[in-house]
Amino acid sequence: MRAALFAFFPALLAAQAIPNRPEKTAVPTLVFEAPRPAEHRIKLKNGIVVFLVNDSTAQPLVTLNVRIRSGAYLDPVGKTGLTSAWGSLLRSGGTETLTPDQLDARLDFLAANLTTRSGDTFATLNLNLLEKDLKEGVGIVKEMLTKPTFAQGRLDLFKRSTLQGLERLNDDPRSIEQYQLALLTKGRDHYTAMWPTAEELKGLAREDLLAHHARLIHPDNLVVAVGGRFDKTAVVKLLNETLGELKAGKQALKSPNPPKPISLPKPGIYV
C-alpha cells in the first residue's frame, strides 16, 4: 500500500504542472465591483436608513449590523466610561424577557454570534446567524434596543474588569504610547484622550445606563445594514415590523456631531 502511494505522488505532481518560478504561477483574475449604495438603500417606515446587499450564491447566513450614533464623546462630565459600559452591557446585560444567562443560552442554541461595542464616535450591534433564524434574531435585536435591563451583576463584573485594566495600563509600553499620543496630539480634555478614573467607574450605576440608552435610541441615530443570503422583500417586511416600529421616547435626542480638538499639538520628540 505504501509503495503504491509513493508511486502515485510523482504522477500527481506532474499532472499539476508546478511552475519552476513563483511568478509563473497562473492566478485567475479576481473581479470585484463594489456595491453602489444608492441601489441598496431603503428607508423603514420610521425613517431608519437600511442598506440591503443580497448574495443568492452565498452560504445560508445573514449578517445584520446596526450602527448607533454614539461614542465616548457623549460621556457626561464626571462619568467618563459611561458609553463604554453601555456598549458592553447592551449585549451582556439581558432584556426584560431574557436574563443575561437566558440570552446567552438562546444565542448559543441558534449558533448565532451577537456582539456590541462602543468606540469614540459610534457604537455597533452585529448579528450573524443562519438565514432560517433571522426572524428570531431580529426580534432579539429589537428587544435589546427597546427593553434592555443592564443587569446589576453584569455591570459589577464590567467595573471590576475595567478597574483591573486601568491598574495594568502602565505595564505595557504599547498602552502607554496609545494614551500618551492622544494626550499630546489632541489635548487632555478631548474625549479620545480621556480615561475613566477608579472613582468614576465605581460611581457608574444601572440608572445611568438606562438614562443614557433612553437618550440614544432615536431613529435618526440608527443605520442598519444587512448582507448575505436572504429574500429582499421578506427582509424589508421583517425590518418594518420590528426595527421599523421603533419610536423616539421622551428622552431621546438626535446625537450631535463629535467635537473637534481645540488644542494644537506641540511638535517635538517625546520619550
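Q: What stands opposite R41 in β2?
A: The residue opposite R41 is F51 in β2. The model is predicted: local features need pLDDT of at least 70, side-chain atom pairs count only at pLDDT 80 or more, and totals for chains, interfaces and linings use all residues. Residues are numbered from 1 along each chain as its sequence is written, and side-chain values use heavy atoms, with hydrogens and water left out.

Q: Why are β1 and β2 said to pair?
A: Two strands pair if DSSP finds at least two bridges between them. β1 and β2 have three bridges, in the antiparallel sense, and they therefore count as a pair. Their hairpin has five residues between the strands, and G47 there takes a positive phi near 100°.

Q: Why are β1 and β4 called edge strands?
A: The open sheet has six strands in the order β1-β2-β6-β3-β5-β4, with mixed pairing. β1 (41-43) and β4 each pair on one side only, as edge strands do. From one strand to the next, the twist averages 15°.

Q: In which sense do β3 and β5 pair, and over how many bridges?
A: Strand β3 (residues 61-68) and strand β5 (residues 123-130) pair in the antiparallel sense over eight bridges. Among the residues involved, T63 has N128 in β5 as its bridge partner.

Q: Which strands does α3 touch as it packs on the sheet?
A: α3 touches β3, β4 and β5, and its direction makes about 170° with that of β4. Axes are lines fitted to C-alpha atoms, for helices over the stretch in contact, and angles run from 0 to 180 degrees between N-to-C directions. Helix α10 (residues 232-241) also packs on the sheet; it touches β1, β2 (49-54), β3 and β6 (222-228), at about 155° to the direction of β2.

Q: Why is I140 called buried?
A: I140 has a relative accessible area of 8%. Buried means under 20%, exposed over 50% and partly exposed in between, with a 1.4 Å probe and protein chains only; I140 is therefore buried. This residue lies in helix α5 (residues 134-146), where a helix is a DSSP run of H or I with at least four residues, a strand is a run of E with at least two, and both are numbered from the N terminus.

Q: Which residues is I140 in contact with, leaving aside its neighbours within four places in sequence?
A: They are L103, R106, L107, L110 and L114, contact meaning heavy atoms within 4.5 Å. The C-alpha atoms of I140 and R106 are separated by 9.7 Å, although the two residues are 34 apart along the chain.

Q: How much space lies in the largest pocket, and which residues are closest to its centre?
A: The largest pocket holds about 970 Å³ of space. It is lined by 43 residues, with A72, D120, Y191, M194 and W195 closest to its centre. A pocket, on a 1 Å grid over the protein atoms alone, is an open set of points with protein on both sides within 12 Å along at least five of seven lines, and lining residues have an atom within 4 Å of a point. α7 gives the most to this lining, with five residues.

Conventions: 1 Å grid on protein atoms, 1.4 Å probe; cavity = no way out; pocket = protein on both sides within 12 Å on 5 of 7 lines; lining within 4 Å. Points joined across faces, edges and corners; volume = space filled by probe spheres on them.
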